[in-house]
Amino acid sequence: MVKRGALLLGVVLLLQSIGAVQASGTRTIGPFAVITNDKPDGRKDVAAIVSGPGASFGLAMRCIDATLSVALVPLKDEGLFGIRGHIAAVSVRPTGHAASEMAGRVAEDRALYLAAPAPMLGLVLATERMAVSVPDAAGAATEASFDLRLAGRALVDLVGNCPAG
């Protein structure tokens with residue numbers, strides 16, 4: 001189940017990136033929290049966050065102004081990934097697929113944004129479970145596991161509104 005903190009952080013991340021819009025809803029689909037805002041031009045901004053039980057970070061996917069971003073969002077310790085500008089290698093192990101590494105950078109909001117978000121979104125949509133490991137601020141590995149079985153249903157608005165998705 002998505003933690004309340006992850007949902008609130010997702011709302012903050014989404015609202016920081018958009019101006020005045022009319023929220024059309026926040027809903028929970030399995031372990032996903034999905035926040036959608038209608039734009040005056042008919043498009044939508046969508047954010048989706050998934051977290052696992054006891055996870056120290058969640059996985060946030062956003063389509064803001066038709067631009068895709070994917071980030072690891074600290075749920076317990078704001079400084080989990082280090083200071084702004086810190087670069088880290090993210091290890092991704094989706095069930096049924098080979099492990100891979102992706103580069104990420106810590107932004108002002110303390111989330112670790114992936115340099116290439118489309119491959120991660122593709123993996124999220126193509127697998128049922130995924131383990132993600134990243135070095136924390138002290139250099140020790142921290143890991144979270146995600147249940148992605150409902151990703152297709154949870155991310156339909158995001159994929160439909162983001163050309164890179």
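Guide: Let's start with a count: there are zero disulfides here, taking a disulfide as a pair of cysteine sulfur atoms within 2.5 Å. Such a link is a covalent bond between the sulfur atoms of two cysteines. Keep in mind that this is a predicted model, where local features need pLDDT of at least 70, side-chain atom pairs count only at pLDDT 80 or more, and totals for chains, interfaces and linings use all residues. Residues are numbered from 1 along each chain as its sequence is written, and side-chain values use heavy atoms, leaving out hydrogens and water.

Cys63 is buried, at 0% relative accessible area, and Cys162 is buried too, at 3%. Buried means under 20% relative accessible area, exposed over 50%, and partly exposed in between (1.4 Å probe, protein chains only).

Now for the serine. Ser56 sits in the loop between β3 (44–50) and β4 (57–64); strands are DSSP runs of E, at least two residues, and helices are runs of H or I, at least four, all numbered from the N terminus. Ser56 counts as buried because its relative accessibility is 16%. What does Ser56 touch, not counting residues up to four places away in sequence? Its contacts (heavy atoms within 4.5 Å) are Val73, Pro74, Leu75, Lys76, Leu80 and Thr142. With Thr142 there's also a side-chain polar contact of 3.0 Å. That term means a pair of N or O atoms within 3.5 Å; within protein, one must be able to donate a hydrogen and the other to accept it, and residues adjacent in sequence count only if both atoms are side-chain atoms.
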